[in-house]
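Q: I have a structure open here and would like to go through it piece by piece. Can we start with how the chains meet?

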Amino acid sequence: MKLEFPFAAIVGQEEMKRALRIAATDQSVGGVLVFGDRGTGKSTAVRALAALLPPIEAAEGSPWNLAPAEGETAVSIPTPVVDLPLGATEDRVVGALDLERALTQGEKAFEPGLLARANRGFLYIDEVNLLEDHLVDLLLDVAASGENVVEREGLSVRHPARFVIVGSGNPEEGELRPQLLDRFGLSVEVGSPKDVAQRVEVIKRRDAFERDPQGFAAAWDEAQAAEREAIVAARAQLAEIETPDDTLACAAELCLALGADGLRGELTLIRAARALAALEGAPLTLRRHVRAVAPSSLRHRLRRDPLDDTGSTARVERALAEMAEA
Amino acid sequence: MSPRDELALPGPAAPDPPAGPDPEEVWADAALAAALLAVDPGLGGALLRARPGPARDAGCALHAGLSPKAAPLRRLPAAISEDRLLGGLDLAATLSARRPVWSPGLLAEADGGAVVLPMAERAAPGLIAQLGAALDHGQIRAERDGRAAVAPARFAVVALDEGAEPDERAPAALADRLAFRLVLDGLPRAAIPARPLDDAPASAEEIAEARERLADMPSPPELAEAMVRAAEALGVDGLRAPLLASRCARAAAALLGAEAPGEIEAALAARLVLSPRATRLPAPPPEETAEQEQTPPPEPPQETDDAPEAETPPSETRDAALEDKVLEAAAAALPPDLLARLAAEATRRPAAQSGAG
């Protein structure tokens, strides 16, 4: 297996890393969209997160990574991160007739697809804006219901499919439909570091990694372990964290001020804030947590205002500033 | 008689915006780029802007001829189906063998060699994304027709941009990943050798030797830093360009028989890789004056504390002489259309366009 660039060694890109940590801490936040120019390390970061995540307990041989039931042998497997590559055909995504068995043994059997393998994990879509429409619709359905229903080729199968979608892409190459945008919990924009010293550091680390992946990874082992432990601890703490009323009010106020569509924005905002509090080891979700995650939770849900040319991120920040003054 | 002497590297192009580049130098650069690509296909490839004709044919012949004999060369048809590109079920073979038989896609077939993409300016986004993924990861992942297949696909891309208008260009997502950009349009017949391979900067044997030397070629941190700063000064976006430029310098050192990439190789790489991507004349970076004193080391991300022992703060790895040489070489070879555009804008802009110190 190809060694991935260590998550802890990524220079800068704080908003993106934080969003990925939040998504890893609380699945219900709903997934991350990473948009940015080519060469900004989006794919690197998302794949790096995979290597970071702690293993899960699954029933031995379960095609969709189900938690072991009473009496079943449990195995520890890495958190599934499944790539949805460009050009994937629907049969591979949802699962289909096992072609080999049908041809060689004349048996009808279900071969699980990518959605099965992604259950309890992450589904990563590179170049998400190039995804074919029918696959988009399919993913939306499954993401909403948490279940994959397969009716094809004489098969009738349903299985759990709960996963976090992480998509990366370049906004120059095509817009995403609003329905798909809204499905993502958090969105982040990344660009090349502006600071020359940072750019030099990125290049140096990248170079060092390419020349000696093993050595480089080993040097970052401790930092990686620290990241992993932080996420594990945060997951454990999540249920204990209280969200006081004034934090809830702050979130509601912000969403109202921005005219963010629907309740999903508010829910995401609160969940993300709570996950951030958990990652920081705080016992309560505070207003400052809400403010910190506001741009990533809301920038992709704002209705376009034809009279307002400002970018979405700027609008969120402006609303935050106005609230602070009030 | 070292390869260095034989190569007779051309000097930097004359810095006069109105005159076009010297056709012989353009060809020499194209030939050099082909040789460097043969030494290190990890440089991604080359973008040749040229309509079909003798210049383009000669360019392609050079790329094909300098690669190792056994290396596959595949031409991507303009409208290629995903099946043919990524591989898919071979229906006839499957039915006759009574078990699934898959044919590898064209990209997997090109592993270890090169892919030629004509009409690059019209390539579909899906195709560009697949090529980009293969260039980034060196493999193709296909989930199609009942099978998951991961196939190695390490190849260089020679993209032929046939655009006529200035805004008809090969997609940036592809161009960004290819080290070299060459404009062969308008080259007079006289500048194109009748037998490109005979005049090539290096023979196939020399290239093979250079490939061996490349494995042990050091990668000095000053080199990377100089490239990043030069790219910054020239307004080159993204981080791939400086990475490719560093890589190119190492390939040049291997080709020239040098122990390590030095000023000559760095200047060459800057000229070939950075100059074509420049978007402005070099201006001193904003913090240049403050950097007379200590340059603060870069902050590693706050939440992690451990940095690998190999880290050095930039003030120890900066080589000012190298940086100057690199920037000078790159600035001297800026593309003519950029210079023309900047000259036209000169009346609107304030005058601070001094060369970097």
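A: This is a predicted model. In it, 55 residues of chain B are in contact with 50 residues of chain A.

Q: What area is buried between chain B and chain A?

A: About 4400 Å² is buried between the two chains, and carbon and sulfur atoms give 56% of that.

Q: Why quote an area for an interface?

A: The accessible area lost when the parts come together is often used to give the size of an interface.

Q: How many salt bridges are there between chain B and chain A?

A: The count is six. One of them joins the side chains of Glu225(B) and Lys204(A), at 3.9 Å from N to O.

Q: New topic, the sheet. What is the order of the strands in the open sheet of chain A?

A: The order of the five strands is E4-E7-E10-E1-E11, and the pairing is parallel. At the edges are strand E4 (81-84) and strand E11 (186-190), each of which pairs on one side only. From one strand to the next, the twist averages 20°.

Q: What holds paired strands to each other, in general?

A: Strands of a sheet pair through backbone hydrogen bonds, in either a parallel or an antiparallel way.

Q: Back to this one. How many bridges join E1 to E10 in chain A?

A: Four bridges join strand E1 (residues 32-36) to strand E10 (residues 163-169), and the two run parallel. Within that pair, Leu33(A) stands opposite Gly167(A).

Q: Now helix H6 of chain A. What length does it reach?

A: Helix H6 covers residues 133-145, which is 13 residues. From first C-alpha to last, H6 reaches 19 Å, close to the expected 18 Å.

Q: Which residues in H6(A) are buried?

A: Leu135(A), Val136(A), Leu138(A), Leu139(A), Leu140(A) and Val142(A) are buried.

Q: And what comes just after H6(A)?

A: Gly146(A) follows, with a positive phi of about 75°.

Q: Over to chain B. Is His63(B) buried or exposed?

A: His63(B) counts as buried, because its relative accessibility is 10% and the cut-off for buried is under 20%. His63(B) sits in helix H3 (residues 54-66) of chain B.

Q: What does His63(B) touch?

A: Leaving out residues up to four places away in sequence, His63(B) touches Ala34(B), Leu37(B), Ala46(B), Leu48(B) and Val158(B).

Q: Last one, Glu253(A). Where does Glu253(A) lie?

A: Glu253(A) lies in helix H11 (residues 245-258) of chain A. At 39% relative accessibility, Glu253(A) counts as partly exposed.

Q: How far apart are Glu253(A) and Asn65(A)?

A: They are 40 Å apart in space, C-alpha to C-alpha, and 188 residues apart in sequence.

Conventions: Residues are numbered from 1 along each chain as its sequence is written. Chains are lettered from A and ligands numbered from 1 in the order in which they are written. This is a predicted model: local features need pLDDT of at least 70, side-chain atom pairs count only at pLDDT 80 or more; totals for chains, interfaces and linings use all residues. Side-chain values use heavy atoms; hydrogens and water are left out. Two strands pair if DSSP finds at least two bridges between them. Axes are lines fitted to C-alpha atoms, for helices over the stretch in contact, and angles run from 0 to 180 degrees between N-to-C directions. The expected span of a helix is 1.5 Å times one less than its number of residues. Buried means under 20% relative accessible area, exposed over 50%, partly exposed in between (1.4 Å probe, protein chains only). Contact means heavy atoms within 4.5 Å. Buried area is the accessible area (1.4 Å probe) that two parts lose on being put together, summed over both. A salt bridge is a side-chain nitrogen of Lys or Arg within 4 Å of a carboxyl oxygen of Asp or Glu.
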